[in-house]
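Hello,

Here is the structure I promised to pass on to you. Have a look at it first, and then read my notes below.

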Amino acid sequence: MPSAHRASSSATSADPTGRPERLPIIDGLPAGPRERLSAMMARLELDPGVTFMHEGEVTQSLTIIVRGRVALRLRVPERGAVTILTLDPGDLVGWSAIVPPYRATTSATTLEPTELAVFDAVELRELLATDPELAAAFLPPVLETVAARVAATRDQLLDLFRGVGVDPW
Amino acid sequence: MIATAVTLETEPPRFLPRERFEDLLAALGAGGRRVVGPTVTDGAIVFADLGSAADLPAGWTLKTAPGRARLERLPDGPGAARTFHYPVSGEGIKRFTFPSRVDALSMETGADGTVRVKVEAPAEPVPLAIIGARACDLAALAVHDQVLAGGPAVDPDYAARRRDLLIVAVECAVAGSTCFCASMGTGPEVTTGADLILGELDDGFVVRAPTAAGGRILAALDLAPADEDRAARTLAEVARTRASMGTGAVPANSRSVLIANLDHPRWDAIAERCIACANCTLVCPTCFCTGTEVQSGFDGLASSATRTWDSCFTDGFAQVAGGNFRPRHRDRYRQWLTHKFATWWDQFGTSGCIGCGRCVAWCPVGIDIRAELHAMAGAASAPVAAPLPRHDVRALPQVSQEALEFTPGKVVAVIPETADTATLRLATEDPRILAGAPGQFVMVAVPAFAIPPISISRFHPDGIELTIRAAGAATSFLTRLRRGATLALRGPLGRGWPLEDAYGRDVVIVGGGIGLAPLRPVIDAVLRDRDRFQDVRIYLGARTPRERLFVEEIDVLAAREDILVRITVDRAGPEWLGRVGVVTQLFKTVRGTGTDATAFICGPERMMVATADVLGDLGVPREHTWVTLERHMECGVGLCGHCQVGSRFVCRDGPVFSVAELGGDLRLEGL
């Protein structure tokens, strides 16, 4: 992990609830699963320019952006790093932590001072495997996130703002 | 309306012996009136100037079937010398009232560099008499009167040609297998539009004069009254013609069947046969779509524009900078047939088909619209329903002839925006343009180039701005103009953004790419009157950071505390620290948007649909979600027919529409 980050447990957060900011994916869960997930949540503060997830490598954690902005990037050797999506507070980074083969499909790099809510990939998978109530509540919003990204990526593929065809004028 | 008035026939019919037909021609031609009628030319019946009665197609008939029309000699016998014993000819009388080529504009750059555009005065045609028009031709003429002279804009050339026209109609004594006027209620009896009506018998013609002009001709001929037997025989012949056609050639509910089945697989089946040759539109007496051809000298300093017949079957008909809205033959055939039998009603209160059957006979592959309509009705895949209530196009304000004139605009500044886009700041003194509304557009003319419609991207007290992407020859030239150059403007045109719909409400403005340009006057207006609106949120998408428009201006807006501005790009390198992703992704963090919001959206159509969907999910009502459509526009006032989307002419009924108004048409491919 880069040196620029500072980790903390939720229990030591300045706010007594441990989650002073809105985290829609967590907030929307029933009380029981929400509490069990929150108990395993850690906090991570990162400076801008820190790559905390690496394309092609095993995803170490599923994270939710508390504040800041994160770029999902792909390596294209002849073009360098290409940003294909940026994510804002409330967005989920690292869904591949709970989806086989648990390998990151993009790199994730902070663009601003960023705070993340962090769930260790192995612990989270174990919890999902042993806690059906939590799995049933948590997986649909994760799937919703992935589906929205697929749909948005399709629109991006269309490159709609590029002029095509022969202009009659 | 210019339609020739029908007067009560108070005079009894007269009899014109065949040997005196020459006298009729002479009476019609008195005073220098040009007289045209059917002739046999190149194996077809063609309207041409008549030198004498001998030029008429005496002794000929025409046999028609789907994909077939052949002249044949009449069989020997008493009727062998009949003159009009054929059903409709390949061409009607359209080219005399609505010629295929009409001088439209002349444009020149003067010695002082000033561009002048002159709208050509309407033709001053010599008075014309047409002999041999049929009931269907006259029904078509009445349709054209509604389309081209019924407003909101009037085609001045058509109006001039219609002004002094004498029509001698013939009631059909024979129908072709392709004729179906009886089913459309337009014939074979002549009920409207004729000054004289002929019923042909072997030895001559029973003549009626339903108008005063026709009555004067008849009086000059000094004919004896037709005896009852002759009058009865002509009526019987027309009755036989009617009976031979039968009724029900097309389903009575064709209009609702078509509207309910815009995605019917039958369209694909037709498209497998249709070769998009455009013959049907060329022979159709009601088709009125036109294009503009520009001819230029080598120096490009002077040019002229000609209005020409166009066809919705041609490749370029629905072409715009972003692509082609009707790339497939099925799209074009569906446009043509649904226009004739369905959306024409919404636009003009009549059917666009008058049952002449020319499109059937002169279709080289023999597609029979009667059969297609029956097939569609018989296998309707969607429930047949009454057409949706439509935008009331007949309630639109009239367009004055002055509004069709061009006015000068002088380039006072050129602001480069991106590699291919520039903003021209233009000075103009035209009060109409200065009083334009956000969302309206102007037609922009410079010699030697086609005349594009361009959205106004800002209003100033003494001019306007146009933000133009170089996507073709004309737009490339415009973006390279220098300060001091002049061009010609016509407008402002169209219905703009309804700002009043957002008074007292939240405002959501979503722009994609060059789509920000037509929204910029909305942003200006909202900020000028900020207190009239609740929360104001602006979401902008661009292809890349370098392709953003009005960058400094938007940065200033983004720094304001009384509005929210979010910008995203579709793709970026690591140097870009802003947002990346499609514009709809921006909304997920603003769940507060909802029923109290009015949205104004402009960008590629798919982006607008996706945005409207997301906003709809957030609760923004469809009635308060506004989009602006881009379509091919040649005239800007609803006369050229290019920009139709369903029953709407985008240029005059839009380009701004609510998502509720557009309904399913917004997402129907190829419409």
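Accessible areas here come from the Shrake-Rupley method with a 1.4 Å probe. For chain A, the accessible surface comes to about 8200 Å², and 58% of that belongs to carbon and sulfur atoms. Please keep in mind that this is a predicted model.

Staying with chain A, you will find four helices and nine strands. Along the sequence they follow the pattern β-α-α-β-β-β-β-β-β-β-β-α-α. The chain has 169 residues, and buried ones make up 49% of them. Of the contacts in chain A between residues at least 6 apart in sequence, 75% join residues at least 24 apart.

Now for the salt bridges: the count over all chains comes to 58.

- Glu553(B) and Arg458(B) meet with N to O at 2.7 Å. Glu553(B) sits in helix α17 and Arg458(B) in strand β19, 95 residues apart. Glu553(B) is partly exposed at 27% relative accessible area, whereas Arg458(B) is buried at 15%.
- Glu605(B) pairs with Arg631(B), with the closest N and O atoms 2.8 Å apart. Glu605(B) lies in helix α18 and Arg631(B) in the loop between β27 and β28, so the pair ties together parts 26 residues apart in sequence. Both residues are buried.
- Arg667(B) pairs with Asp613(B), the closest N and O atoms being 2.9 Å apart. Arg667(B) lies in the segment after α20 and Asp613(B) in helix α18, so parts 54 residues apart in sequence are tied together. Arg667(B) is partly exposed at 48%, and Asp613(B) is partly exposed at 32%.

Finally, salt bridges with shared partners join Asp159(A), Arg162(A), Arg543(B), Glu547(B) and Arg571(B) into one network.

Best wishes

Note on methods:
Residues are numbered from 1 along each chain as its sequence is written. Chains are lettered from A and ligands numbered from 1 in the order in which they are written. This is a predicted model: local features need pLDDT of at least 70, side-chain atom pairs count only at pLDDT 80 or more; totals for chains, interfaces and linings use all residues. Side-chain values use heavy atoms; hydrogens and water are left out. Helices (H or I, at least four residues) and strands (E, at least two) are DSSP runs, numbered from the N terminus. Buried means under 20% relative accessible area, exposed over 50%, partly exposed in between (1.4 Å probe, protein chains only). Contact means heavy atoms within 4.5 Å. A salt bridge is a side-chain nitrogen of Lys or Arg within 4 Å of a carboxyl oxygen of Asp or Glu.
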